[in-house]
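This report is for a reader new to the structure. Please look at the sequence and the model first.

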Amino acid sequence: MLRHAYSFFWFAVATNWIAPVFIAFVLIATGCRPNRTDLDTDHVVRQVWEMDDVAFGDIVQFENVFWEPDDTISLRRMIIDDNLVNGRDVLEIGTGTGLLAIVCLQNGADSVLATDVNPAAIANAKYNAAMLETEKNLQLRLVPKSSQGAFDVLRNDEAFDVILSNPPWEDGTIHEDLDHAFYDPGFALMDSLLQGLPKRLRPGGRCLVVYGNVSAIKRLREQSTARGIGFKILDERSLDDLEENFLPGMLIELTPKPLDAETDR
Ligand SMILES: C[S@@+](CC[C@H](N)C(=O)[O-])C[C@H]1O[C@@H](n2cnc3c(N)ncnc32)[C@H](O)[C@@H]1O
């Protein structure tokens, strides 16, 4: 009799609440998450990268998506060590695997809007953000091939506290999606960034870009100066001492003059 009462007690407890709570606890603790039907799982994984700068997991790189974390070492240090994005709305142009966007969200950014012209990159960034649970304040937008300007996917009223980009570094022709990581045909992306910056950067905001190509940096300096945009290299190295292509990438701050509220918008 006592044995039956004992079994019944455990059956009742287990079926009412202990079992569901226990199972949910085990699933969460072991990292099992509900199936995600919104993630694009058609892509081949090229490699999985462990990064000290990324908390709680690894960065997955899909096939045909750019990966060279040495490009952005100094930019990641500014985000992590110098509080660059804490409490701020960030735009990242050309997100690739989502590395910088995720580092921004893990270091206190209020929101990140990240764009890319390569559909595999958008799927890759979405996947990484989901796996690292940094999706909540992340928006991803695919830039259409027909209109690839730096700010072409933004609404007219969208502006940001911080604008970041590790854009393609060289002028060249696009044959396949991965080429967008390396080539900026006619430097149209660079020029559209400079053109739209005064409108898209909020007063007091910061725009930081990374280049590792001497000619591109000299061109950026010329074009910035011609448009009245402040250009400052945040790096100890001198362009004269560097090879045409070099790593790590060089961090450059672009500072537009504030817009005249009446005439420039
Ligand atoms: C050098 S990769 C940098 C990727 C990533 N931010 C990183 O640092 O690992 C440049 C990225 O910009 C994207 N891109 C090129 N042209 C673009 C455009 N017009 N608009 C948005 N993204 C673009 C490329 O597809 C590529 O993912």
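The text below covers the sheet, the helices lying across it and the shell around the ligand.

The model is predicted: local features need pLDDT of at least 70, side-chain atom pairs count only at pLDDT 80 or more, and totals for chains, interfaces and linings use all residues. Residues are numbered from 1 along each chain as its sequence is written.

Seven strands, in the order β5-β4-β3-β6-β7-β9-β8, form an open sheet with mixed pairing. Strands β5 (138–142) and β8 (230–233) stand at the edges with a single partner strand each, so one side of each has no neighbour in the sheet. On average, neighbouring strands are turned by 20° against each other, direction ignored. Strands (E, at least two residues) and helices (H or I, at least four) are DSSP runs numbered from the N terminus, and two strands pair if DSSP finds at least two bridges between them.

Strands β7 (residues 201–213) and β9 (residues 245–255) run antiparallel and are joined by 6 bridges. Val209 stands opposite Ile252 in β9.

| Helix | Lies across | Angle |
|---|---|---|
| α4 (residues 119–131) | β4 (111–116) and β5 | about 165° to β5 |
| α5 (residues 188–200) | β3 (89–93), β6 (160–165), β7 and β9 | about 155° to β7 |

Axes are lines fitted to C-alpha atoms, for helices over the stretch in contact, with angles from 0 to 180 degrees between N-to-C directions; contact means C-beta atoms, placed from the backbone, within 7 Å.

Around the ligand are 23 residues, of which Gly94, Gly96, Gln148, Asn166 and His180 come nearest. A residue counts as near if its C-beta atom, placed from the backbone, lies within 6 Å. The elements giving two or more residues to this shell are α3 (99–106) and β4.

Note on methods:
Contact = placed C-beta atoms within 7 Å.
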